[in-house]
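Reader: I would like to go through this model point by point. Please show it, and then I will ask about it.

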Amino acid sequence: MPDLARAHLVYGEWLRRERRRKDASEQLRTAHTLLSEMGLKAFVARAAHELRATGEQPRKRIVQAADELTAHELRMARLVATGATSKEVGAQLFLSPRTIDAHLRSIFRKLGITSRRQLRDLQLP
């Protein structure tokens, strides 16, 4: 998939240099969308730069706070959001309750919240 997105980007760059702005915009828009979904920031910036050069304004990707969590943290957050205690989550994940609490502090910081209740109110993917 990254190869396809980069192919759109390179082809769009070539089309723009050949002064085929409309064709280039289509390719660059596709590249920008695909690269944004994959989180390849350097290539997203490159696609955005090329899109601006064609006269278009690239769309900004809406980043959800949950995107900042690792898969392990997300799993832990989901368990805590169901109302499980640190001891219960630790038993499921084979970790100590203290380790769970340490991870929760990191999760809370990343999500910008301060309590388990707020975690419950979030819609985690």
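Reader: What is the accessible surface of the protein chain, and what share of it belongs to carbon and sulfur atoms?
Author: The model is predicted: local features need pLDDT of at least 70, side-chain atom pairs count only at pLDDT 80 or more, and totals for chains, interfaces and linings use all residues. Residues are numbered from 1 along each chain as its sequence is written, and side-chain values use heavy atoms, with hydrogens and water left out. Accessible areas come from the Shrake-Rupley method with a 1.4 Å probe, and for residues only the protein chains shown count as cover. The surface comes to about 8500 Å², and the share of carbon and sulfur atoms is 51%.

Reader: What pattern does the protein chain follow along the sequence?
Author: Helices (H or I, at least four residues) and strands (E, at least two) are DSSP runs, numbered from the N terminus. The chain has seven helices and zero strands. Read along the sequence, this gives α-α-α-α-α-α-α.

Reader: Why is the protein chain described as more spread out than a compact globule?
Author: The globule rule is 2.2 Å times the number of residues to the power 0.38, and the radius of gyration is taken over C-alpha atoms. Along the principal axes, the C-alpha atoms fill a box of roughly 65 × 25 × 20 Å. For 125 residues the rule gives 14 Å, and the chain is more spread out because its radius of gyration is well over that, at 21 Å.

Reader: What percentage of the residues of the protein chain count as buried?
Author: Buried means under 20% relative accessible area, exposed over 50%, and partly exposed in between (1.4 Å probe, protein chains only). Of the 125 residues, the buried ones make up 35%.

Reader: Which residue has its side chain joined to that of Glu 13 by a polar contact of 2.7 Å?
Author: Glu 13 is found in helix 1, residues 2–17, and counts as buried at 11% relative accessibility. A contact means heavy atoms within 4.5 Å; not counting residues up to four places away in sequence, Glu 13 touches Leu 28, Arg 46 and Glu 50. A polar contact is a pair of N or O atoms within 3.5 Å; within protein, one must be able to donate a hydrogen and the other to accept it, and residues adjacent in sequence count only if both atoms are side-chain atoms. At 2.7 Å, the polar partner of Glu 13 is Arg 46.

Reader: Is Glu 50 buried or exposed?
Author: Glu 50 has its place in helix 3, residues 41–53. Beyond four places in sequence, Glu 50 touches Glu 13, Arg 16, Arg 17 and Leu 28. Its relative accessibility is 4%, so Glu 50 counts as buried.

Reader: Which residues does Phe 43 touch, not counting those up to four places away in sequence?
Author: Phe 43 also lies in helix 3. It is partly exposed, with a relative accessible area of 23%. Its contacts are Arg 6, Leu 9 and Leu 35.

Reader: What is phi of Phe 94?
Author: Phe 94 sits in the loop between helix 5 (86–93) and helix 6 (97–111), and counts as exposed at 77% relative accessibility. Its phi is positive in a residue other than glycine, near 60 degrees.

Reader: How far apart in space are Arg 120 and Phe 94, C-alpha to C-alpha?
Author: Arg 120 lies in helix 7, residues 116–121, and is partly exposed at 46% relative accessible area. In sequence, Arg 120 and Phe 94 are 26 residues apart; in space, the separation is 22 Å.
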